[in-house]
Amino acid sequence: MLEIANKFKAKETQRIEYFDVLRVIAMLAVILNHSFGHFSVDEYLKYQGTLLWHIDNILNTFTRFNVPIFFMISGALLLKNDKNISLKYLFKKRIPRVLIPFLVWNIIYIIAYCRVKGGHSIIREFIASIFSTRGYAEHLWYLYALIAIYLILPIVRCFISRTNKALINYALLIWTFFSIFMPFIHQFIPKVQFANYADLNILAGYLGYFILGYKLANSKRTFNTISLVILFIIGWMITAIGGYEYQNLLGNKNIFFQDFLTPNVVVMSITLFIFIKQLLQKHKLSAKIKPIILNLSYLSFGIYLVHFLFRNVGLIIFQKYPVNPYLYLIISPVFVFIMSYITICIASKIKVLSFCITGNKYKKIHN
């Protein structure tokens, strides 16, 4: 692992440490989020109100900043790069790095599902997956959203490069109102909504995270650390407790409070981003930790793609054998991470697999 990271030394000075740390945190949070939630979401009616439900709910909701952080890192990096204005660069370099691994892993998940379930057509499943994510690979929704944003990336980059702080703030204000505030109000007061032709909720609102990441990364303003921690905890508690109370009120499973575009999750994501940024600007990573973080950051996309496969395996084992549920909460994320890391680490060392499995070019770590 350290050998891989050491081969990046020529580029280390150009890297921004807090981006790598945030990427690793988001990747681990995704694994935790999908390892948890079985008792408080999938089997809500069976475990409702039990101690196991509450523990699972608290752990699960703590990780909801995961995908927003990924979007924010991408926005911070891509919206400052003039290469992303070029359509040639977009379709030759940028989109293939996401699209090819997405197609490969989509097929892998489909084959695995059809083998386990039996009687399902691989071709039919693949065609269906083009238009919507499948439950056995639901994490791939992120790539649908990412590719959609990439398609308008040149336009957004042009806007960013030629605008000022006031207009960026204005764009984020529109995003906050139409993608976060209005849907939140509409959830509780259905009549409060805009007609489709007057709604500015673009690309399910995830484009806003892109612009938000760019703004926060380039902001020189500092915030009180304690305040950031308190706000994060408040957002977390609203996600956990608000979601619990709302489910009790409705009498059925509902994860609205865990949505990535609810105010509470947005607050968690913003405060964590700023907290890690300020922390790493004051304290650099140690010589021992830095190569580990660099390595995990480099492999994070591949780990994201494969982790759901091992999550499904772990869940099948849990459902088939008498495993203590509390023990499952501990073992599952550890198992998923270790197996995912080993798989992607091996794939990154094989020339014919590296790019299509991990999204990274083989030559970047094998000079």
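**Figure 1. Polar contact between Thr 358 and the backbone of Ser 354 in the predicted model.** A polar atom of the Thr 358 side chain lies 2.5 Å from the backbone oxygen of Ser 354. Thr 358 belongs to helix α18, which covers residues 351-358.

**Figure 2. The side chain of Thr 358 and the backbone of Asn 360.**

**Figure 3. Surroundings of Thr 358.** Is Thr 358 buried or exposed? Thr 358 has a relative accessible area of 1%. Buried means under 20%, so Thr 358 counts as buried. Neighbours within four places in sequence are left aside here. Beyond them, Thr 358 contacts Phe 301, Gly 302, Ile 344, Ala 347, Ser 348 and Leu 353.

**Figure 4. The largest cavity of the predicted model.** The model has 3 cavities of 30 Å³ or more. The largest cavity holds about 70 Å³ of space. Its lining is made up of 14 residues. Nearest the centre of the largest cavity lie Asn 57, Gly 243, Gln 247, Asn 254 and Gln 258.

**Figure 5. Helices and residue classes in the lining of the largest cavity.** Which helix supplies the largest share of this lining? Helix α14 does, with 5 residues. At least two lining residues come from each of α4 (38-42), α6 (51-62) and α14 (225-250). By class, the lining has 7 nonpolar and 7 polar residues.

Definitions and conventions: Residues are numbered from 1 along each chain as its sequence is written. This is a predicted model: local features need pLDDT of at least 70, side-chain atom pairs count only at pLDDT 80 or more; totals for chains, interfaces and linings use all residues. Side-chain values use heavy atoms; hydrogens and water are left out. Helices (H or I, at least four residues) and strands (E, at least two) are DSSP runs, numbered from the N terminus. Buried means under 20% relative accessible area, exposed over 50%, partly exposed in between (1.4 Å probe, protein chains only). A polar contact is a pair of N or O atoms within 3.5 Å; within protein, one must be able to donate a hydrogen and the other to accept it, and residues adjacent in sequence count only if both atoms are side-chain atoms. Contact means heavy atoms within 4.5 Å. On a 1 Å grid over the protein atoms alone, a cavity is a set of points where a 1.4 Å probe fits but cannot get out, and a pocket is an open set with protein on both sides within 12 Å along at least five of seven lines; lining residues have an atom within 4 Å of a point. Grid points are joined across faces, edges and corners, and a volume is the space filled by probe spheres set on the points. Ala, Val, Leu, Ile, Met, Phe, Trp, Tyr, Cys and Pro count as nonpolar, Asp, Glu, Lys and Arg as charged, and the others, Gly among them, as polar.
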